Amino acid sequence: MRCANLLILLVACTLAGCVERRIWIDSDPPGALVWLNDRELGRTPVSVGVVHDGVYDLRIEKDGYQPLVTPATAEGPVWDSFPVDFVVEVLPVDAKVDTRWKFTLHPREEGDAALIERAKSMRESLGRD
């Protein structure tokens with residue numbers, strides 16, 4: 001009987017814990033459209049819940065500004081790494097991990113000369129002449 005009670009208590013404790021991971025994304029100027037791993041999130045400031053830390057593909061666009069495409073890293077705290085994370089997951093505590101990213105968008109240069117310069121830059125980055 002004691003083993004059954006202990007088992008029930010152990011299971012109850014493992015169901016009580018919760019780890020919430022969230023990424024907050026902001027831009028200057030605000031109101032830019034954000035994609036994270038090709039999933040549209042909305043306009044800045046915006047936040048999204050994630051399952052794990054790591055590197056994410058980020059794209060931010062706003063009319064009149066150069067689009068920003070970059071990898072962005074969400075790093076978890078020490079307690080969110082193996083094997084400590086297992087203990088935190090099963091403890092009856094709520095744990096939060098907030099990652100905050102802020103990006104500055106640069107105005108897009110208008111006109112034919114700017115368009116040609118952007119095309120040359122892209123051609124060079126692709127290794128084509």
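This is a predicted model: local features need pLDDT of at least 70, side-chain atom pairs count only at pLDDT 80 or more; totals for chains, interfaces and linings use all residues.
The model counts local features at pLDDT of at least 70 and side-chain atom pairs at pLDDT 80 or more, while totals for chains, interfaces and linings use all residues. Residues are numbered from 1 along each chain as its sequence is written, and side-chain values use heavy atoms, without hydrogens and water.

**Exercise 1.** State how many helices and strands the protein chain has, and their pattern.

Solution. Helices (H or I, at least four residues) and strands (E, at least two) are DSSP runs, numbered from the N terminus. The protein chain has three helices and seven strands. Along the sequence the pattern reads α-β-β-β-β-β-β-α-β-α.

**Exercise 2.** Work out the order of the open sheet of three strands and explain which strands stand at its edges.

Solution. Strands pair if DSSP finds at least two bridges between them. The order is E4-E1-E7, with mixed pairing. Strands E4 (46–50) and E7 (94–104) each have a single partner strand, so one side of each lacks a neighbour in the sheet. E1 (residues 18–28) pairs with E4 in the antiparallel sense over five bridges. Trp24 has Ser47 of E4 as its bridge partner.

**Exercise 3.** Find which residue lies over the face of Trp35, and state how much of the protein chain is buried.

Solution. A charge sits over a ring if NZ of Lys or CZ of Arg is within 6 Å of the ring centre and within 35 degrees of the ring normal. Arg59 lies over the face of Trp35, 3.9 Å from the ring centre. Buried means under 20% relative accessible area (1.4 Å probe, protein chains only). Of the 129 residues of the protein chain, 26% count as buried.

Key. Buried means under 20% relative accessible area, exposed over 50%, partly exposed in between (1.4 Å probe, protein chains only).
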